[in-house]
Amino acid sequence: MSDTPDPVVERDRSEAVASFEHHARGPLDRLQHFLHRYPTMVPVIVLVLSLIAFGLIAPNFFSAFNLSLIMQQVAVVGTLAAAQSLVILTAGIDLSVGAVMVMISVIMGRLSIEFGVPVPLAILIGLGCGLMTGGLNGFLVTRLKLPPFITTLGTWNIFLALNYYLSGRETIRSQTLDAEAPLLKLFGERFNLGGAVLTWGVVLMLVVFAVLWYALNKTAWGRRVYAVGDDPESAALAGIQTNRILMSVYMVAGFICALAAWSSIGRVGSVSPTSFFESNLESITAVVIGGISLFGGRGSILGPLIGAIIVGVFNSGLRLAGVDVLWQLFATGWLIIVAVAVDQWIRKISS
Amino acid sequence: MTEPLLTARNLVKRYGRVTALDHADFDLYPGEILAVIGDNGAGKSSLIKAISGAVQPDEGEIRLDGKPVSFASPLDARKAGIETVYQTLALSPALSISDNMFMGREIRKEGIMGQWFGMLDKAKMDRFAREKLTELGLMTIQNIGQPVETLSGGQRQGVAVARAAAFGSRVIILDEPTAALGVKESRRVLDLILDVRSRGIPIVLISHNMPHVFEVADRVHIHRLGKRLAVIDPKEHSMSDAVAYMTGAKVPEGVAA
Ligand SMILES: Nc1ncnc2c1ncn2[C@@H]1O[C@H](COP(=O)(O)OP(=O)(O)OP(=O)(O)O)[C@@H](O)[C@H]1O
Ligand SMILES: [Mg+2]
């Protein structure tokens, strides 16, 4: 391992910096370059500012209880946002994530309760179905060359219909799950961590982000995902099998949706075919606020985690401050618009 | 006479109603620098794209070492040792110089982290990339972690050329590698081309710059209207002859008018 600073490298770096800094820049210019280099700083700054603001105006906002409650509330959408980020990094979008999640929670629940499949097996089948839904999206995008937006708009409706069919529009109640398949509610279990009460669902979300961070930044696959999202033609000419990368991205995204499905059963306590109806758009919101460019190839995977937490902080803070729910939507709307505007501004640097 | 290393016969490539390649031939001999010249739109880029697997010709045959090959993608050509700098450079703007140089052939760490967890050996790749750029005299871009989009046009071209030169083992194809370069940087690329030839690797150089072509080329392939019009020896023809041939103002000897 040669991670120790190499004197030659250090000297060369300062030289390079010196050679590029000679034209004086204004503060705005410097901010633009800084954000271009560290795109995750945008959501970090927004998060810090909103924490300070709500700490001042909302009573009890900064209690360990409230902060851990925020984490519990964002766990499911945060996990979905991880799947969404992968697809958006390839300049695509996945409108089907929410429907896939609900459908798979139904599959896991029905197999365990109605069909007497051993619960661990039912979970494995559910995870496999997640891979398959991603595979279907990936197939349509790479082989039939359909735009991801249209593809997943279609599969969203298809999975939603299958979800109603498979569930018979019926909810599996919490007591039934407790009695026959408690493992399905695993991610709703709480544990105490220094005064904060967390669920395993929160841990799952953090682990998913950590693994994706590693894969995207430290492995060849990750570099290729960025290259394909950045400029697919260049990536292909540089010897990347772009279709394979896209296929793997959609399949991993489908798998993460299935994990989110398992997590969602613990969160709601029951299996309902009509739950999490808005989670599609909420996951996209987290990704966009998290500073991942909708044009692909730019942004850090940790951004959407922070993005999801920002939405949770706004919702909790406004509620504690006694503000009408409608203002939560209002605030989220502006966050999205500002995030996209900032992304456009940062991207201008290359031209 | 030695056998050609890479040949193409009767290549045809149509884009809708445009015929980019109209029964084009091509020969590259071992250890030579072959310049390809022709007007804008003559089909030079289409020719090298067909040879490097970037597009699949509608008709015709390509042979490497006398054996027919058909490259389904640039990756196939690369595996056969053919490395190309495309006119568009094929770089990923948001990724670093080092990421770009190793795109598709990343080096993993040794040991468990590399083998089991696919961890990249960034230090090793950075070191290699820095060496290659220094060879090209691109001292100003020693910060190998810099995104390519923050480089000047000439520096980007330098990165693409360095990538091809570093990995090409059989053939190196350069599509207008000096178009965006200054005088000094062009000189470096020409020296690099001569250096690559001295290693015994043949080069295909597409260029509109006649002084460059006549300085380094062993043979000049003149492309006109989608096909090879003639191959001339730069020592026996003048630059103005070459320009006249490629624009159609004059017809080289031995070619039916
Ligand atoms: N992808 C494509 N789609 C449609 N037409 C194309 C495509 N690529 C090339 N052509 C056409 O094929 C012809 C040859 O183009 P090509 O790029 O090979 O020319 P060139 O000799 O490299 O020109 P230049 O010197 O300008 O680079 C042109 O008429 C061009 O418009
Ligand atoms: Mg061209």
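User: How much space lies in the second largest pocket?

Analyst: About 710 Å³ of space lies there. This is a predicted model, where local features need pLDDT of at least 70, side-chain atom pairs count only at pLDDT 80 or more, and totals for chains, interfaces and linings use all residues. Residues are numbered from 1 along each chain as its sequence is written, chains are lettered from A and ligands numbered from 1 in the order in which they are written, and side-chain values use heavy atoms, with hydrogens and water left out.

User: What makes a space a pocket, and what makes a space a cavity?

Analyst: A pocket is an open set of points with protein on both sides within 12 Å along at least five of seven lines. A cavity is a set of points where a 1.4 Å probe fits but cannot get out. Lining residues have an atom within 4 Å of a point. Points are joined across faces, edges and corners, and a volume is the space filled by probe spheres set on the points.

User: Which residues are closest to the centre of the second largest pocket?

Analyst: Val77(A), Glu278(A), Glu282(A), Val311(A) and Asn315(A), out of 23 lining residues. Helix α14(A) gives the largest share of the lining, 6 residues. By class, the lining has 10 nonpolar, 9 polar and 4 charged residues. Here Ala, Val, Leu, Ile, Met, Phe, Trp, Tyr, Cys and Pro count as nonpolar, Asp, Glu, Lys and Arg as charged, and the others, Gly among them, as polar. Helices (H or I, at least four residues) and strands (E, at least two) are DSSP runs, numbered from the N terminus.

User: How many cavities does the search find?

Analyst: It finds 7 of 30 Å³ or more in the whole structure.

User: What coordinates the magnesium ion (ligand 2)?

Analyst: Ser45(B), through OG, and Gln87(B), through OE1, at 1.9 to 2.1 Å. Donors are N, O and S atoms within 2.8 Å of the metal (3.2 Å for Na, K and Ca), so both atoms qualify. Water is not among the atoms, so sites may look incomplete. The two residues are 42 residues apart, with Ser45(B) in helix α1 of chain B and Gln87(B) in the loop between β6 and α3 of chain B.

User: Why does Ser45(B) count as buried?

Analyst: Buried means under 20% relative accessible area, exposed over 50%, and partly exposed in between (1.4 Å probe, protein chains only). Ser45(B) has 18%, so Ser45(B) counts as buried. Gln87(B) has 41%, so Gln87(B) is partly exposed.

User: Which residues touch the most other members of the largest nonpolar core?

Analyst: Met108(A), Leu177(A) and Leu184(A), in a core of 95 residues. A nonpolar core is a set of buried Ala, Val, Leu, Ile, Met, Phe, Trp, Tyr and Cys residues joined through side-chain atoms within 4.5 Å. A second, separate core has 34 residues, including Ile33(B) and Leu136(B).

How values were computed: 1 Å grid on protein atoms, 1.4 Å probe; cavity = no way out; pocket = protein on both sides within 12 Å on 5 of 7 lines; lining within 4 Å.
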